[in-house]
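Let's take a walk through this model together. Keep the sequence and the 3D view side by side as you read.

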Amino acid sequence: SNPAGLIKTRRLGIEADYQLSTFNKKNRLTLSMVDSQTTSWGMGLGYSANINDGANTSHLAYLSMAMPMGTDIISLGGSFNYLYDPGQNHRHYFNGDLALMISLPIGVSLAVVLDHVVKPKGAEKTTGSYESNGQECAKK
């Protein structure tokens, strides 16, 4: 994920969704709260549960923060997450991401993200980085 993108679109909101898969009997419940409107900083809290038919449920909790570097054109963000997965040898996983994003006035954003900065153990995703860009197609 790109935690620096948290302040790209200023908002205050609560979101919830439930995904139901009839193919593999895996369901997902996700709840999140985001506030990037009341201050210059942005913060998000989230929770996700992967519910598997006949298997243990895994839980993911995360905290993301982003701040503008002078203006909203350049933003720095970070996130911390905790995963409990009872189906793995190592059940508790802690990790985080760091990101830097430039949002150009023409609607194009470029980001560099260091994904999963903590050395992995067990079945965790390995540390990596990626670059991304996006274009804003519509404005409110």
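A pocket here is an open set of points on a 1 Å grid over the protein atoms alone, with protein on both sides within 12 Å along at least five of seven lines, and its lining residues have an atom within 4 Å of a point. Points are joined across faces, edges and corners, and the volume is the space filled by probe spheres set on them. Rolling a probe the size of a water molecule over the atoms shows where empty space is left. This is a predicted model, so to speak of local features takes a pLDDT of at least 70, side-chain atom pairs count only at pLDDT 80 or more, and totals for chains, interfaces and linings use all residues. Residues are numbered from 1 along each chain as its sequence is written, and side-chain values use heavy atoms, with hydrogens and water left out.

Now for the largest pocket, which holds about 780 Å³ of space. Its lining counts 36 residues, and S1, L60, Y62, S64 and N81 are the ones nearest the centre. Sorted by class, that lining has 11 nonpolar, 17 polar and 8 charged residues (nonpolar covers Ala, Val, Leu, Ile, Met, Phe, Trp, Tyr, Cys and Pro; charged covers Asp, Glu, Lys and Arg; the others, Gly among them, are polar). Strands are DSSP runs of E with at least two residues, numbered from the N terminus.

Next, see how the strands sit side by side; two of them pair if DSSP finds at least two bridges between them. Strand 3 and strand 4 are antiparallel partners over 9 bridges, with Y47 opposite A61 in strand 4. Strand 4 then pairs with strand 5, again in the antiparallel sense, over 11 bridges, and A66 stands opposite G77. The hairpin of these two strands has 1 residue between them, and G70 takes a positive phi near 90°. Strand 5 and strand 6 are antiparallel over 11 bridges, where N81 faces N95. Finally, strand 6 and strand 7 pair in the antiparallel sense over 6 bridges, and S103 has S109 as its bridge partner. Their hairpin leaves 4 residues between the strands, and G107 in the turn has a positive phi of about 95°.

Strand 6 and strand 7 (108-115) turn up again in the largest nonpolar core. The core has 5 residues, A4, A99, M101, A111 and V113, and these two strands are the elements that give two or more residues to it. A nonpolar core is a set of buried Ala, Val, Leu, Ile, Met, Phe, Trp, Tyr and Cys residues joined through side-chain atoms within 4.5 Å.

T30 lies in strand 2 and counts as buried because its relative accessibility is 15% (buried means under 20% relative accessible area, with a 1.4 Å probe and protein chains only). Setting aside residues up to four places away in sequence, T30 touches E15, A16, D17, Y47, S48 and Y62, where contact means heavy atoms within 4.5 Å. S32, also in strand 2, is buried at 16%. Its C-alpha atom is 7.1 Å from that of G44, 12 residues apart along the chain. In the loop between strand 2 and strand 3 sits S36. Buried or exposed? S36 is buried, because its relative accessibility is 0%.

How values were computed. On a 1 Å grid over the protein atoms alone, a cavity is a set of points where a 1.4 Å probe fits but cannot get out, and a pocket is an open set with protein on both sides within 12 Å along at least five of seven lines; lining residues have an atom within 4 Å of a point. Buried means under 20% relative accessible area, exposed over 50%, partly exposed in between (1.4 Å probe, protein chains only).
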